Amino acid sequence: MIPVFPDSKVALKGKKGLVVGIANDQSIAWGCARAFRGLGAGLAVTYLNDRAKKHVEPLAQALEAPIFLPLDVMVEGQTEAVFERIRSEWGQLDFLLHSIAFSPKEALHGRVVDVGRDGFLKTMDVSCWSFLRMAHLAEPLMKNGGTMFTMTYYGSQMVVENYNIMGVAKAALEASVRYAAAELGPKGIRVHAISPGPLATRAASGIPEFDELMDKAQSKAPSRSLVSIDDVGNATAFLALDGAKLITGGVLYIDGGYHIID
């Protein structure tokens, strides 16, 4: 059989997606949102708080997002409110992008073995458990199947200097992806962890010596180039297509091949 590929401009037409994690126009989530929208999807967009709203609102308008709501996963009830709005307004959800992570400064900058309980729990709560909570809430809305994405990093698999407790959280997140994929697969729901190479995002600015990490990635990656948010967005959007319906449960590295180099 000759494969039939849909027109790229309407490949996701009629599909509805939630994008969580846009902070500004340098965000990975923004690159993904543009790619989803470029394929015809309708989007719901969230912003962290009032301070972030002024940066995110123009981007949501550019995406023509009909749903634009605050979402701080550490605020009781906000996550549920977002999904309730999607249920009442759309009645369906076809894909979910979770692109958030957080660790208190004292936890992120210290040794893993020195992390206090509160810092550990906050790191895991935002960086891992929030994805599972969103998956739980998204499941009943994905009546005809769907796709869930979360963002991880190579520091989950190998010790990356200065990544510290976030590497532990990302390892837990990747395990969560595997279990969620196994549990939701029978309903036609795919689950993916996306692992970009180093990117100069606001979140990355909290990692000590991040510029050195980017320089190393560029010099050692087989492609000899750094990844962009558009590179990540295009690859992520591909996984939301029906043509990728049998891909699930894995980690997709978008890093110019850096993860294969010692």
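Which residues of helix α8 (residues 229-239) are buried? They are I229, V232, G233, T236, A237 and L239. Together they span an arc of only 145° around the axis, so they sit on the same side of α8. Keep in mind that this is a predicted model.

**What covers helix α8**
- The cover over the buried residues of α8 includes one helix, α1 (28-38).
- Strands are part of that cover too, among them β4 (95-98), β5 (146-151), β6 (189-196) and β7 (251-254).

**Aromatic pairs**
- You'll find five aromatic pairs in the structure.
- One of them joins Y153 and Y163: the ring centres are 5.0 Å apart and the planes meet at 65°, so this pair counts as edge-to-face.
- Y153 and Y163 both lie in the loop between β5 and α6 (165-184), so their pairing ties together parts that are 10 residues apart in sequence.
- Y153 is buried, at 9% relative accessible area, and Y163 is buried as well, at 7%.
- F36, F95 and F149 make up a cluster, linked by ring pairs.

- L121 belongs to helix α5 (residues 117-138).

Notes:
Residues numbered from 1 in each chain as written. Predicted model: local features only at pLDDT ≥ 70, side-chain atom pairs only at ≥ 80, totals over all residues. Heavy atoms only, no water. Helix = DSSP H or I, 4+ residues; strand = E, 2+ residues; numbered from the N terminus. Buried < 20%, exposed > 50% of the residue type's maximum accessible area, 1.4 Å probe, protein only. Arc of directions from axis to C-beta. Contact = heavy atoms within 4.5 Å. Phe/Tyr/Trp six-rings, centres within 6.5 Å; stacked < 30°, edge-to-face > 60°.
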